[in-house]
Amino acid sequence: MTGTDPYVPGHGDASYDVSHYDLELAYKPEGNRLDAETTLRCVAVDELTRLRLDLHRLRVARVSVDGKAPARYTHRNGALAVWLAAPIPAGTEFEVRVKYSGQPAILKSKTLGDAGWEELSDGVIVAAQPHGAPTWFPCNDRPDDKATYDFTVSAPNGYHVAMSGELVGTTARGSSVEWRYRQQAPMATYLATCQIGRYAVIEQDGPVPMRVVAPTDVAGDGFDATFARQPEMMRFFESVFGPYPFTTYTTVITDDDLEIPLESQSLSTFGRNFCADDWDTIRLVAHELAHQWFGNAVTLRRWQDIWLHEGFACYAEWLWSEQSGSESADERARHHHDKLAGKHEDLVLSDPGPELMFDDRVYKRGALTLHALRSEVGSEAFFGLLQSWVKANSGGSVTTEDFVAHCQQETGRSLTGLFDAWLFQTELPDLP
């Protein structure tokens with residue numbers, strides 16, 4: 001069992017799927033202490049005599065299957081292997097419960113970087129893309145295995161807990177508060193997040209309930225230029241991408257500065273340094289919001305198809321630039337095409353390799369691919385393609401080949417030459 005995706009080796013088990021996660025977490029910021037129990041509702045794809053879960057660093061106290069006596073298990077190098085008392089036939093539903101505890105920490109990788117549970121100066125963020133989900137809960141860490149979630153998180157009084165889901169309720173319990181969240185839309189493991197800090201809530205008037213969870217002193221010109229415009233951004237993106245795919249949208253602004261924003265389902269995380277009135281900040285606020293359509297609702301099946309997330313979100317930046325009165329999408333495209341023309345042309349967009357999957361050329365060439373498609377089919381047909389793509393695949397997992405087939409079917413024309421040049425060759429094509 002060496003994993004299911006060569007970009008993230010050692011993660012995931014294709015012999016079973018998870019339909020639902022139920023996480024019960026008790027967290028103490030002082031000492032970074034987590035005590036937890038996670039229940040996974042699963043279905044066997046193959047006949048099972050054992051199964052593998054991903055869980056890093058944390059100590060396992062007990063594992064049970066279908067509520068029976070504790071199961072035999074081993075836990076080494078991030079792999080929790082569970083031996084079953086009797087084989088589980090293919091197609092059978094079953095339940096796994098894991099009790100565990102410890103001091104969660106980010107998972108480091110020379111190729112993929114750092115991801116997962118990270119302590120702040122006073123609180124926590126979870127940024128799990130692409131391999132950090134197992135730093136805080138046992139899971140089948142595959143991007144194509146999407147499930148629904150229930151979260152119950154206990155944190156000390158004075159802290160706010162934000163999760164990738166809808167708040168169901170809170171209950172005061174002595175010196176702590178229990179926060180309950182639910183994510184009813186299918187979600188990949190890496191898109192689940194937990195954010196804990198001393199925050200206040202700013203409600204926003206958007207197409208769905210929108211809120212900013214932030215320190216009390218973030219107001220100012222920088223906030224007004226970026227986060228205050230999110231309802232306007234969402235309404236614009238709905239006009240070009242279709243209805244917002246989730247029931248709520250939350251933005252967390254940490255008291256700490258962060259190098260980059262963090263993507264998760266129905267929630268985005270920024271450092272307070274992103275409260276700034278400049279294009280490089282504004283574009284990232286638009287970028288993370290666009291990921292709710294492209295990346296979170298419609299999710300890659302294989303990590304090699306990361307351009308289906310990042311190229312689309314990057315193009316959304318250029319669309320917002322034009323909509324907000326700045327440079328047009330075509331001007332942005334030609335600027336970045338000129339910059340790419342001066343860089344090494346050794347990247348295949350449809351399969352860049354794990355070392356280059358987050359290279360800026362994936363983002364920009366992905367966005368340029370969409371601009372070339374728009375030039376080829378016309379704006380009306382192009383935005384129709386994007387809307388039908390989201391509508392047909394929301395809650396599911398897709399590949400580059402799926403997108404090419406979708407575009408050709410919807411337009412009724414062959415686009416093989418265009419897509420071959422932009423997606424499957426290293427040479428940078430001319431921009432139409």
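Which strand gives the largest share of the lining of the second largest pocket? I found that strand 6, residues 79-88, does, with six residues. I also noted that I am working with a predicted model.

**Entry 1: the second largest pocket**

I counted 14 residues in the lining of the second largest pocket, and Val65, Lys68, Leu84, Ala85 and Ala86 lie nearest its centre. By class, this lining has 11 nonpolar residues, one polar and two charged.

**Entry 2: the largest pocket**

Next I turned to the largest pocket, which has a volume of about 910 Å³. Its lining is made of 31 residues, and those closest to the centre are Asp114, Glu259, Ile260, Pro261 and Leu262. Which elements did I find in this lining? Among those that each supply at least two residues are the strands 9 (113-120), 10 (123-127) and 19 (262-264). Helix 3 (279-290), helix 4 and helix 6 (360-377) each supply at least two residues as well. I sorted the lining of the largest pocket by class and got 14 nonpolar, five polar and 12 charged residues.

**Entry 3: helix 2 and helix 4**

Helix 4 made me curious, and I looked up how it meets helix 2. Helix 2 covers residues 230-241 and helix 4 covers residues 307-323. Their axes come within 11 Å and cross at roughly 115°, so the two helices are roughly perpendicular to each other. I wrote down that this crossing is right-handed. From helix 2, the residues in contact are Glu232, Met233, Phe236, Phe237 and Phe241, and they meet Ala316, Leu319, Trp320 and Gln323 of helix 4. That contact holds seven nonpolar residues, one polar and one charged.

**Entry 4: helix 8 and helix 9**

My last stop was another helix pair. Helix 8 (residues 400-411) packs against helix 9 (residues 416-423) at an angle of about 155°, and their axes are 11 Å apart. Because of that angle, helix 8 is roughly antiparallel to helix 9. I checked the handedness here too, and the crossing of helix 8 and helix 9 is right-handed. On the helix 8 side I listed Thr400, Phe403, Val404, Cys407 and Gln408, which meet Thr416, Phe419 and Leu423 in helix 9. I sorted this contact of helix 8 with helix 9 into five nonpolar and three polar residues, with no charged ones.

Note on methods: Residues are numbered from 1 along each chain as its sequence is written. This is a predicted model: local features need pLDDT of at least 70, side-chain atom pairs count only at pLDDT 80 or more; totals for chains, interfaces and linings use all residues. Side-chain values use heavy atoms; hydrogens and water are left out. Axes are lines fitted to C-alpha atoms, for helices over the stretch in contact, and angles run from 0 to 180 degrees between N-to-C directions. Helices (H or I, at least four residues) and strands (E, at least two) are DSSP runs, numbered from the N terminus. Angles under 35 degrees count as roughly parallel, over 145 as roughly antiparallel, 65 to 115 as roughly perpendicular and the rest as oblique. A crossing is left-handed if the near helix is turned anticlockwise from the far one by less than a right angle, and right-handed if clockwise. Contact means heavy atoms within 4.5 Å. Ala, Val, Leu, Ile, Met, Phe, Trp, Tyr, Cys and Pro count as nonpolar, Asp, Glu, Lys and Arg as charged, and the others, Gly among them, as polar. On a 1 Å grid over the protein atoms alone, a cavity is a set of points where a 1.4 Å probe fits but cannot get out, and a pocket is an open set with protein on both sides within 12 Å along at least five of seven lines; lining residues have an atom within 4 Å of a point. Grid points are joined across faces, edges and corners, and a volume is the space filled by probe spheres set on the points.
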